[in-house]
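Dear colleague,

Please find below the structure I promised to pass on to you.

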Amino acid sequence: MAEEAGASPRQGRPSMSAAMRSSSFVRDHQQYRSPHKPENHYGIDTVVEDLRATSVSPREISHFKGVPSPEHPPKIVESGMSHELSHPNCTTRPGTHSERLVATLFYRSTSPRVSNVIPSPQSGPSPKGSPSPSLRAAESDIPPTMAPSSSLDTFPLEPPAAEPEPLDHLYGSYVSPMCITSFLHLMSTFPLPPGSTDLTSAHRCLKLDAGQDHHPVVVELTVSPAPSLDYLSLADLRKHELIYRFEREWNVDVALRSDTLWRRYPRLVVFDMDSTLITQEVIDLLAATIKDPPDLAARVADITHRAMLGELEFDSAFRERVKLLTGLPGSIFNELRSVLDVTNGVRPLLRALKRLGVKTAVLSGGFLPLTSWLAGELGIDYAHANEVVIDEATGRLTGEVKGRIVGKERKRELLIEIAEKEGIPLEQVVAVGDGANDLLMMEAAGLGVAWNAKPRVQMEASARINGDSLLDLLHLFGFTDEEIQHLSA
């Protein structure tokens, strides 16, 4: 009892005085704080706990005066707040012109890059029982086109430049926020047009992956204004080294287009057939049916591959391959119909284009019997291809071609002819292909799209898509995945 009597008085609840408080967070983050009326206290706690230590400015209380009337008009008080609505992507002011750039980012989910850990080359003879140097190079992660491994005479004098490290492995296998930020930072390095000081941007997610987290795999970015045309044209910007490096770092394809009215409203889409509408090369399928000589199919496939790379002139290469097919029965084209493998996404894509009122055409460097049949099956409006000569007596191929070869020049002419016949300006024409013989028609069109194309075509085309569904073409026109599903249903 004595100890209780001598105990010290009970301490009060600890509290922070006004001098101990800071309103830096409020001052930094309050959006509509009037600059002319600073706060004189730091919250209700100061009023309740430390009212004497805080100077609270007296405020006149205005009593309710009822409904405003001429006798009692409403009192308007200037609060210092700004309620104006502004947005960088609003329509331009009268008399001005916008120069916006649209970048569509496609994540290459079907072809992820590996890390750039390149093993050191092994010199000297191979140890007993180990594979040869050429076999070791084939089994390594060095790309097969990086350097030759068989002839030292053609070996480059300097080692190839190291590829950038893939960042999608670190930040997510999709179009991540860091990927978008990196692209916007890249665009900020290019000079702006005269009179422009700020770069604004907006983005839309057009497609999500099928995973549980539903990450974006196709994103559309709108950048305003576009880089100065006096410094860099759009064609040069598409081939810029920084754009290419960004694509390699983030495992994406970047399609750059001016944000014009025609970008969203195509009226004619022209396709190549082999390796575009279908996954095979028809002439290789024909050669595979010939068993004598046994290496004929390989020889024809090699000529086809070199022609698509642009190493051989297409017209002469086509005549050479057709010559090797001499003696095949003319009925072979009917037999191959069931073998043709239509590319994934082609059928829903053509249904969507039909519902949009877009005309379609297939311009093939292959054979007219199969091209016409496929166009009828898919509902394509125009079909042009090569006609081979079939002997009337024997019913077999003579190895000759009738008329002009549908090569790169002829494809461009046909594209222009169809557009003129339909009354469609070339700005509203889209050409899709994969080989070097498609480059001229892609150049003539308002938009040329390289679909899983050869390296040269990828570099020259206006846009490139490397995926598993040709339906992704509609994303270039600004359609979301939900809208595409409605169109192709």
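**Findings**

The protein chain contains 19 helices and eleven strands. Please bear in mind that this is a predicted model.

Of the 489 residues in the protein chain, 39% are buried. The chain exposes about 29100 Å², of which carbon and sulfur atoms supply 54%. When contacts between residues at least 6 apart in sequence are considered, 65% of them join residues at least 24 apart.

I looked in more detail at helix H8, which spans residues 241–250. Its buried residues are Ile243, Phe246, Glu247, Glu249 and Trp250. Viewed down the axis of H8, these buried residues fall within an arc of 165°, and they therefore line one face of the helix. As background, an α-helix has 3.6 residues a turn, so residues three or four places apart point the same way. The cover over the buried residues of H8 includes strands S1 (101–107), S4 (252–258) and S11 (463–465), together with helices H5 (168–171), H6 (177–187) and H7 (234–238). Directly after H8 comes Asn251, which has a positive phi, near 60°.

The surface also carries a nonpolar patch formed by Leu170, Tyr171 and Met178, with about 320 Å² of accessible area together. Met178 belongs to helix H6, one of the elements that cover the buried residues of H8. Met178 counts as partly exposed because its relative accessibility is 38%, and that class lies between the cut-offs of 20% and 50%.

With kind regards

How values were computed
Residues are numbered from 1 along each chain as its sequence is written. This is a predicted model: local features need pLDDT of at least 70, side-chain atom pairs count only at pLDDT 80 or more; totals for chains, interfaces and linings use all residues. Side-chain values use heavy atoms; hydrogens and water are left out. Buried means under 20% relative accessible area, exposed over 50%, partly exposed in between (1.4 Å probe, protein chains only). Helices (H or I, at least four residues) and strands (E, at least two) are DSSP runs, numbered from the N terminus. The arc is that of the directions from the helix axis to the C-beta atoms. Contact means heavy atoms within 4.5 Å. Patches are made of residues with over 30% relative accessible area and no salt bridge: like charges are joined within 9 Å, nonpolar side chains (Val, Leu, Ile, Met, Phe, Trp, Tyr) within 5 Å. Accessible areas come from the Shrake-Rupley method with a 1.4 Å probe; for residues, only the protein chains shown count as cover. A salt bridge is a side-chain nitrogen of Lys or Arg within 4 Å of a carboxyl oxygen of Asp or Glu.
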